[in-house]
Amino acid sequence: MSGLFDDLRDLYQEVILDHGRKPRNFRRLEDADATGRGDNPMCGDRIELFVKRAPDGTIADAAFQGRGCAISTASASLMTEVVKGKTPAEAKDLGAKFRELAMTGACPDCGAALADDMERLAPLSGVHEFPSRVKCATLAWHTLNAALDGTKEASSE
Amino acid sequence: MDGIAAAPFDVARIRQDFPILSQPQARGRPLVFLDSGASAQKPRAVIDAMVRCMETAYANVHRGAYRLSELATDAYEAARTATARFINAADAREVVFTKNSTEAMNLVAHSWGRGVMKPGQAVLISELEHHANIVPWQMLRDDNRGIELRVCRVTDAGEIDMDDLEAKLADGKVGLVAIAHMSNVLGTVTPVERIVALAHAQGAKVLLDGSQAAVHRRVDVQAIGCDFYCFTGHKLYGPTGIGVLWARLEHLDRMPPFLGGGDMISAVTFETSEWAPAPAKFEAGTPPIIEAVGLHAAIDYVTAIGMGAIEAHERALVDHAMGALAGVPGLTLMGRAQDRGGVFAFAMDAAHPHDLATLLDRAGIAVRAGRHCAEPLHARFGMENGTTRASFGLYTTKEEVDLLARALAEAREFFK
């Protein structure tokens with residue numbers, strides 16, 4: 001390759017391209033306890049999120065469907081993986097930390113407890129250099145909040 | 001500029017007129033600006049005219065009995081006269097300055113739609129319209145006035161389905177046909193003379209959204225025969241904040257005002273007010289004075305180059321782009337109209353429009369991604385994910401088109 005786009009490997013890391021092409025948990029959960037819809041009206045990205053809770057209230061399963069760019073798809077895919085086993089409060093806290101990571105590229109107060117999760121999500125940190133793309137990365141997390149809060153609708157606008 | 005032979009079209013010299021084109025971009029790459037369909041860049045002549053107005057001849061218009069206000073009024077009205085000449089209007093009083101094309105169309109929907117149209121009548125738009133030529137008519141339809149909204153189909157090639165247009169006009173209920181002169185997504189130039197003939201034969205008036213067309217070709221509203229024509233300054237290399245509604249004087253005279261305020265009245269008491277004659281009736285409040293001066297400079301600029309020369313340059317670019325983009329693997333162009341301008345919306349099999357736009361940005365290429373304020377049109381073509389759009393201006397070069405094609409091919413490799 002002549003490399004017009006070599007410096008974009010920071011944004012489009014292999015993990016993101018992989019999750020963008022082959023999103024994990026890309027299905028409906030027929031027995032979901034909570035669902036949420038996320039819309040980005042500017043670009044037409046749209047996701048439907050399904051959450052299944054365990055008897056103790058933790059997230060037993062999460063899945064999504066919809067359409068979007070590589071970044072929004074990869075972000076939703078990674079999110080459904082990392083929130084499994086978390087309580088709703090933990091998942092929402094992780095989402096808040098992730099939004100900080102997406103907007104600033106760093107999360108100074110993430111702490112050791114979240115280190116493993118943040119490492120999984122770190123490939124998305126490159127979006128902070130692309131202000132118009134931050135909302136692509138955060139749409140799934142806004143939608144998760146909507147699903148957990150029972151407000152159903154989220155918009156990253 | 002009639003009677004003055006235009007210099008040969010020299011794109012390299014023209015590019016020097018646009019200061020932004022020589023601004024270094026990130027990573028030292030030159031700017032390849034392929035988003036003129038959203039808003040065009042500004043030549044030095046426009047920038048200077050606006051600065052000069054503010055430095056030497058600025059005051060409010062139509063009220064001050066002092067020299068500076070008279071100068072500003074003269075400049076504002078000279079812009080109106082130049083605009084009228086630009087589209088060959090019969091009378092400068094037929095030119096109403098608005099904020100943009102969107103406001104011009106809202107003005108007609110509000111004032112003609114609510115003040116002149118009758119219950120039982122319909123507005124006929126088409127599938128290729130920009131939201132600005134859809135939503136105001138939906139609002140009119142939903143206003144409980146008994147106005148229907150009809151939508152004319154677009155063919156798979158992206159052209160107005162003229163059989164469908166005729167069918168939807170046939171019952172004589174359509175009071176207004178509102179249609180784009182050129183699509184901001186497909187690039188299609190619509191057969192406006194034929195549309196006007198068909199509409200008038202059924203008693204319908206015709207509004208043309210000329211936001212794209214007025215930039216790319218010579219517009220003669222009298223030859224077209226339409227009733228309303230809307231365009232905007234900022235796509236015509238002029239400033240933001242000024243648009244144009246042209247309407248036949250007989251229509252403007254029948255239409256009630258749109259906004260109320262100063263400048264649009266001839267007498268006011270607390271009981272009642274009398275409207276000023278058009279165009280003042282539709283220009284409430286302090287108008288976009290500096291912007292009118294900028295629009296005037298933009299009109300003078302493109303007129304000096306020659307709209308015919310600009311059209312020829314862009315036709316050559318379109319032909320070149322059709323060839324170059326056809327060679328990009330995995331690329332699907334939206335629309336293949338016979339008569340088209342320099343707007344290309346496309347989808348790539350391996351990449352979402354937003355990812356593509358981010359990559360192209362890295363190559364210094366500015367394009368737009370999304371649905372370009374034409375969501376129903378994207379649904380019509382099964383492009384719910386949106387498209388990436390490259391749109392040309394008079395400063396666009398074949399080399400830039402080639403770079404776009406090369407970057408698209410490389411982007412596909414990146415995502416594959």
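## Contact between the chains

In chain A, 16 residues are in contact with 19 residues of chain B (contact means that C-beta atoms, placed from the backbone, lie within 7 Å). On the chain A side, 11 of these residues are nonpolar, 2 polar and 3 charged. Here Ala, Val, Leu, Ile, Met, Phe, Trp, Tyr, Cys and Pro count as nonpolar, Asp, Glu, Lys and Arg as charged, and the others, Gly among them, as polar.

This is a predicted model, in which local features need pLDDT of at least 70, side-chain atom pairs count only at pLDDT 80 or more, and totals for chains, interfaces and linings use all residues. Residues are numbered from 1 along each chain as its sequence is written, while chains are lettered from A and ligands numbered from 1 in the order in which they are written.

## Domains of chain B

Chain B has domain 1 (11-39 + 306-415) and domain 2 (48-303), with bounds from an automatic or database domain assignment. Their contact takes 25 residues from domain 1 of chain B and 24 residues from domain 2 of chain B. On the domain 1 side, the largest share, 5 residues, comes from H12(B) (helices, H or I, at least four residues, are DSSP runs numbered from the N terminus).

## A helix pair

H12(B) and helix H15 (residues 398-415) of chain B pack at an angle of about 20 degrees, with axes 10 Å apart. Axes are lines fitted to C-alpha atoms, for helices over the stretch in contact, and angles run from 0 to 180 degrees between N-to-C directions. H12(B) and H15(B) are therefore roughly parallel (angles under 35 degrees).

Technical notes. Contact = placed C-beta atoms within 7 Å. Helix = DSSP H or I, 4+ residues; strand = E, 2+ residues; numbered from the N terminus. Parallel < 35°, antiparallel > 145°, perpendicular 65-115°, else oblique.
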